[in-house]
Amino acid sequence: MAVSAAGLAVAPAQKSYADEEDHGQGARVTGLAVDGRGDEPLGVDDPAPRLSWRVVGAGAGWTQSAYRIRAARTEADLDRGRPLWDSGKVRSSAQTDVLWRGPASASREQMVWQVRVWSTDGDATPWSRPASWETGLLKRADWGEARWIEYPGRTVDQPLPVFARAFRTGGRVVRARLYLSGVGLHVARLNDRPVTDEVLAPGNSNYQLSTEYRVYDVTRLVRPGDNTLGVELGHGTALVTRSVTNPATGRTAPYSWWQSQFKGSGTLVAPTERGATTVQVSSVANYHVGGTVNIDTGDGGERLESRTITAIGTTDITFHPGLDSGHASGAAVSASGNSLASTDPSAGAAVSPRLIARLELTKADGTVQTVVSDRSWRAALGPTVVANWYSGSDHDARREQPTWTAPGADLGESAKRRDGTAVGWVDAGIAPPPNLTTELAWRIAEPLRIVDRLHPVGVTQPQPGVWVFDFGQNFAGWPLLQLDGPLAAGTTVKLYPAESLNADGTVNQASIMGGGAARGTNVFASYTTYGDRRGERWHPQFHYFGMQWLQVTGLPEGYIPTRDTVTGLQIHADVPDAGSVRTSDNRINRIHRMARYSIMSNTMSTFTDCPGREKLAYPADYVQPFGSLHRTFGYAAYLRTMQRHLAEGQSKAGDNIGNVALKAPVYDWGYTGRFGDEINWGNGIVLVPWLAYETYGDTQTMSRYYPQMQAFLHYIRTQKAGTGADAYLVNAALADWIASENTSGRITGTWGYHQIADRMARMAALIGRTADAAEYRNLATNIKDAFNDAFYDPESGRYTADGTNGATQAAQALALDEGLVPESERAKVLDALVELVHAHRPFGGGPHFSGGTIGLAAIVRALHAGGRDDVLWEVLQEDTRPSYGYFMAPTTANPGGLTTVPEQWDMGNSKNHMILLQIEEWFHSGLVGIRQAPGKAGYRELVIDPRPVGDLTHAEGDYRTPYGVVSARWTRKNGRFRLDVEIPPNTTAEIRMPTGDPTPHVVGSGRHTFTTSDIRDTERTRA
């Protein structure tokens, strides 16, 4: 089996608890992490990061009383007792959010560190195994002579470019680092081997403000003598257009949810002199003050000058500083996007493929050889003919040059493709940066990897020449095509992903597209064979699909595929596992699996709403269900990257400074109108730092982004809150999006206003902003009072839109969950919520949830907090719409029912979404019973409070807190209820047995077992 140019690397998902196991060695320190990353990251851009660790193997009731950290440049220095920094013994129980107090690191520096801790009994652990991190290039100047490069003169409809650089090295290389950023996506190989198992790198960005780069350790790939470094580029989210078609494969109407905005271009209409700060141009359309004008972009960029625009006239552009050289009339001119976005979706500015790279080879004698991106690189138009983030890609393997990244590869005029035609290598051209304001940023979040391989569970042939493969599970990733030989050259095989089927058994792609035919109708990947007798295999590289089924057409006549013909390669960010749930109820177990796959499918470079259709990072879509998300995977590092995107999605000019777009990065629209100016989406900029603190104990993120958080709250206070009697009320345009019943936007908006004021008050207090904390607390109190004055009807005990109407489930639950209900009224409002759940029967049956994006999590939490887990159980038994049972029912489109959670209660739009999976939180916190104590942070003070409802006979689960794994398992048997728990070191837990006794048992770390009479049997006896 021959492998096409797209290589295949499969990495296992991060193992969650291997380092938690007790090997009988006594207490020891493990799980060392820096800024939430426990995988010894390269490229850290924080000179004073936050550190964390866990303790395993400790005895019962173990508590940390002190720690000591020591760090050095190398492990050998640690062993020799020559640390760069030694904290000394610090009396503290902290194991997370510990500030690095050693010397600030410079670029490229490795820090090797280890920890030992002391218990309250005075016993010390051994030193932990050393861990490390390495800083990246912290300043622009560290990139040295590296320039952005491109394929000179390439137009958007030409094949995607590839780049190669041959170099020689002598002497023993002891350390090699490749610093690389390819816009929008890069795939790099050194000496014909991949430099990483990461995929879809470097990641989505607002390219006008930042683009992510990577640091790769390529020491093992460098060889003495000839070497070749190669990079392929894809468009990713940097350039999305429906204008590029490929009739040869039938790609005549490419689908995309949005399109990039092409910025200003033209020519100089008059010559310019050295020192000039104004140029006359053929058109001033689509240039931006504060953005970049690129002058003289032709001829490989030899005379390129990029300048910051200060003014735009009717025919001229003014900039600074002055030009270094004169430029002739007719010289090409182009623009960047808008880096000072007011309402402009700045991230959507089209950026054509380009890269910047720096390879540093450190020799045994201490000398450093560098290879940087410049005109010495070679460029060609590669085998990927089309690549669209939404529509898919067309790969023509006949255009490949075999082993083009091998040592000594032919990069000259004689280089030939597989079909014998000339590759056409040329010197690379110098490109402008995406914008002069674009920073090269390290990705704190984990990289994307192939985490699993899904093999089809069935293959059908609904029509001649049409084969449909069923993976049995909806997921996000790539189809791997494996064709047995012999194959004729020029055979084009097309792969159509889908979440559903038509009645005739062919795939139905409606749910992975949206917006009608005007947005395009083509979603597929195609592979054209080069004719290998041994067979060929290929998968896409520059996009991904959401799919459960894959329809394959174009196979050679008489070719009969098998289940081995395609394999699903599941992709998501390699975040660590956090928790699991198992129960005696198959329905609950299935919903849990559906939720997990929805979460995996939407944890990509950023959180997304769905893996098809939109693929956008709407803050509410991950903030509101975060109680479910963080119990599935660990997001301590990932949230830091999401917060960067939110900050970059904040308006920085105009009347709405401080507003945050409906999604970030914001590629299409999202600052104004109903789908833009929305408090409960933009408030992610406040809530993400709060969630990072509440879940992981992180105070760094709130400190770092505090001004941006203040700016958003100021925007809401001055631009969105009402006046007069409505001074503390906010009307949210999207209300409770996709709910089964409409809740007033004034209720959801004012609830959201209180939420951000309250969280800002708490965070201000945490970081020592005492005056701000008092101001924001007073604001939150005023909002709470106004909320109750406007919406609460004491006579009915319900929150309504106008005193009579609009008493929805969400209205009651949001007030209960946020603590807005006066204490004396809570029982009445809870009763109202229960009544409304039972009364909501729009299609018969019942009871049903009616909440949507904003209301559903609050409904689940309010019922649980009020002790009405029985209602949650009843809802789960329902099969009529709206319900989870409705999702699981067999249909023509989904014969086995859905395998992920859809976007809407009617199963409209995407069938792989996160906004309706909030019940997952209750599986962990209610059925298994693991949660943290109210008002606490970082899961150091735990509560184990299982709720054995219905006919459940057992439930078990675990959750990896910042301090270690907490687990609980309960069983009902022979009239007895047994609970087994394990509490991680340095934590305590309140154990609440389901006996009706409100007095908890308080225990320390270790294993504990509790038994009592089964309350269910007791109640039956009383009855």
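Colleague: At what angle do helix H13 and helix H14 pack, and how far apart are their axes?
Modeller: In this predicted model, H13 (residues 826-839) and H14 (residues 856-865) pack at about 120°, with axes 11 Å apart. Axes are lines fitted to C-alpha atoms, for helices over the stretch in contact, and angles run from 0 to 180 degrees between N-to-C directions. Helices are DSSP runs of H or I with at least four residues, strands are runs of E with at least two, and both are numbered from the N terminus.

Colleague: Why is H13 called oblique to H14?
Modeller: Under 35 degrees counts as roughly parallel, over 145 as roughly antiparallel, 65 to 115 as roughly perpendicular and the rest as oblique. The angle is about 120°, so H13 is oblique to H14.

Colleague: What makes the contact of H13 with H14 nonpolar by class?
Modeller: Contact means heavy atoms within 4.5 Å. Leu830, Leu833, Val834 and Val837 of H13 and Ile859, Ala862 and Leu863 of H14 make it. Ala, Val, Leu, Ile, Met, Phe, Trp, Tyr, Cys and Pro count as nonpolar, Asp, Glu, Lys and Arg as charged, and the others, Gly among them, as polar. That gives seven nonpolar, no polar and no charged residues.

Colleague: What makes the pair of tyrosine 255 and tyrosine 390 edge-to-face?
Modeller: Rings of Phe, Tyr and Trp (its six-membered ring) pair if their centres lie within 6.5 Å; planes under 30 degrees apart are stacked, over 60 edge-to-face and the rest tilted. Here the centres are 6.0 Å apart with 90° between the planes, hence edge-to-face. The two tyrosines sit 135 residues apart in the chain.

Colleague: How confident is the predictor in the chain?
Modeller: pLDDT, the predictor's confidence in each residue, runs from 0 to 100. The chain averages 95, and 97% of the residues score at least 70. Over residues 1-16, however, pLDDT is below 50, and it stays under 50 over residues 1018-1023. Where pLDDT is low, the predicted coordinates should not be read in detail.

Colleague: What ground rules apply?
Modeller: Residues are numbered from 1 along each chain as its sequence is written. Local features need pLDDT of at least 70, side-chain atom pairs count only at 80 or more, totals for chains, interfaces and linings use all residues, and side-chain values use heavy atoms, leaving out hydrogens and water.
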